[in-house]
Amino acid sequence: MVKHSELWKEQNWKKLRQNLFRLQRRVFKAVQDGDLKKARSLQKLILKSRSAQLLAIRQVTQLNKGKRTAGVDGKASLSYRKRFELLEELKDYAFTWKHNRLREIPIPKKNGKTRTLKVPTIADRAWQCLAKYALEPAHEATFHARSYGFRTGRSAHDAQKLIFQNLCSNKNGINKRIIELDIKKCFDRISHKSIMDGIIAPSGLKYGIFKCLKAGVNPEFPEQGTPQGGVVSPLLANIALNGIEDIHNSIRYADDMVIILKPEDNAEEILDKIKSFLAERGMEISARKTKLTKTTDGFDFLGWNFRVQKNGKFRSFPSPENYKTTRKKIKAVVSNSNYGAKVKARKLAPIVRGWRNYHRYCKMDGSRNSLWFANESARRKFIKEKKIDKHEAVRLVNKAFPAVPYSENKHVNVKGTKSPYDGDLVYWSKRNSKLYDNATSKALTKQNHSCGQCGHKFLGEEVVHLHHIDGNHDNWKPKNLLAVHHSCHQLIHGSRPKGQDI
């Protein structure tokens, strides 16, 4: 008898991805051509597709960051046998899915209040992922070019570059103003009717989405809200908010938005139009957090502070709040007496690399942005350890604070309304490769932007991992490095779910 673990690992994931992508590309094209009947028929095929069902289960059990978070049923992982049982469940009930209750987890906010994360069960997350596979290509064909949040192939760096293009010196940015728009409890107040009216989907999928929305409602607002924590929730929010960008020149990242005003623009008139747009969708502007700002005074957006200097030159820096959060994380590791210097270096490296990668298109010189003080603090702590000499301490600090090159405002924006579902594999694989640098970038170029394990192009949101062929993670010679998909990396190392039964 073939073990379920072997059966799972023997799946041809490359072929499954190709099967799903072929259908998604056809959905995208059908909506572009205005043939919604054909699009809905293709969406039904995605829901029935074994390839899509297997990929959805793998996404929520192996790849997603929150894969170990349990729902109301208490299950934090699935054995290989349970994954195949879930596959049969999706096969039988994809069009009549009944959503379970959600597990509520309070998350503290910066202002001292809490927001509630509502976590579905693994089975519900798999169905939501399957639903997203069917919905996303249809709506990518309709989404606005200046919307960047929670969209495949787009990032915060695209929004950052667009702000630069609107406020740089040759665009007279020094005379412009900014409306920093804040939508009051956006995810909690989105009207279910506006979501359901806007969805392009067959009736069975609409029924499932409706049940998903009702599973996470606040009893005080039974017709509003999309549960934060669901796989499909960000997409539903984008569907509801799509079109707000047409009111005036603006840049949106999910529910965060900045509106760019020329000297002659009437701010009150624009805000009135936005209020009307949001009211139709059950939402409203937060009067306390929404503000009108001169570009020379600076404003924060997506973890950056943007400012036009008195000489007209545009600058972007890590925001003070973002800097404090990162310093706090670094300090927590450096000051932890339970770790030795080697463990601290290993734990610090991803924090520092993440900070520097995210801010690599900012002005990053100076002691603050280069994390000089944190670096010095770590060096002194490491030297104090009895088993570490000065040379070893310096080596570990260099390992803990990896260098990442930065080039101010040099990010290349995604072209117009392009989407990974348009089928332009060359454009998207090369673009995704440019999101990486140093050894990963060189490996991707050497491999012609394809995975070294499965040979498939790097498309979508799955991150690229560097595999050390000889197993020695200190050997960074180019011949020893292979750029692979996250899932392919797991396959190479034969990862298995916790509590596995066969």
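**Close-up views of a predicted model**

**View A. Asn 172 lies in the loop that runs between helix H7 (156-167) and strand E3 (177-182).** The model shown here and in the other views is predicted. Asn 172 is not a glycine, yet its phi is positive, near 60°. With a relative accessibility of 40%, Asn 172 falls in the partly exposed class, because that class lies between the limits of 20% and 50%.

**View B. Lys 185 sits in the loop between E3 and helix H8 (186-189).** Its phi is positive, about 45°, although Lys 185 is not a glycine.

**View C. The largest nonpolar core contains 73 residues.** Ile 199, Leu 205, Ile 209 and Leu 278 have the most contacts inside this core. Helix H6 (residues 122-140) supplies the largest share, 11 residues. Another core, of 43 residues, lies apart from this one and includes Ile 178, Trp 304, Trp 355 and Phe 382.

**View E. Helix H18 (residues 438-446) has Thr 440, Ala 443 and Leu 444 as its buried residues.** These residues span an arc of only 100° around the axis, so they are on the same side of H18. Lys 442, Thr 445 and Lys 446 are exposed on the other side of H18. The cover over the buried residues includes helix H17 (425-433), strand E10 (464-468) and strand E11 (481-485).

Definitions and conventions: Residues numbered from 1 in each chain as written. Predicted model: local features only at pLDDT ≥ 70, side-chain atom pairs only at ≥ 80, totals over all residues. Heavy atoms only, no water. Core = buried A, V, L, I, M, F, W, Y, C linked by side-chain atoms within 4.5 Å. Buried < 20%, exposed > 50% of the residue type's maximum accessible area, 1.4 Å probe, protein only. Helix = DSSP H or I, 4+ residues; strand = E, 2+ residues; numbered from the N terminus. Arc of directions from axis to C-beta. Contact = heavy atoms within 4.5 Å.
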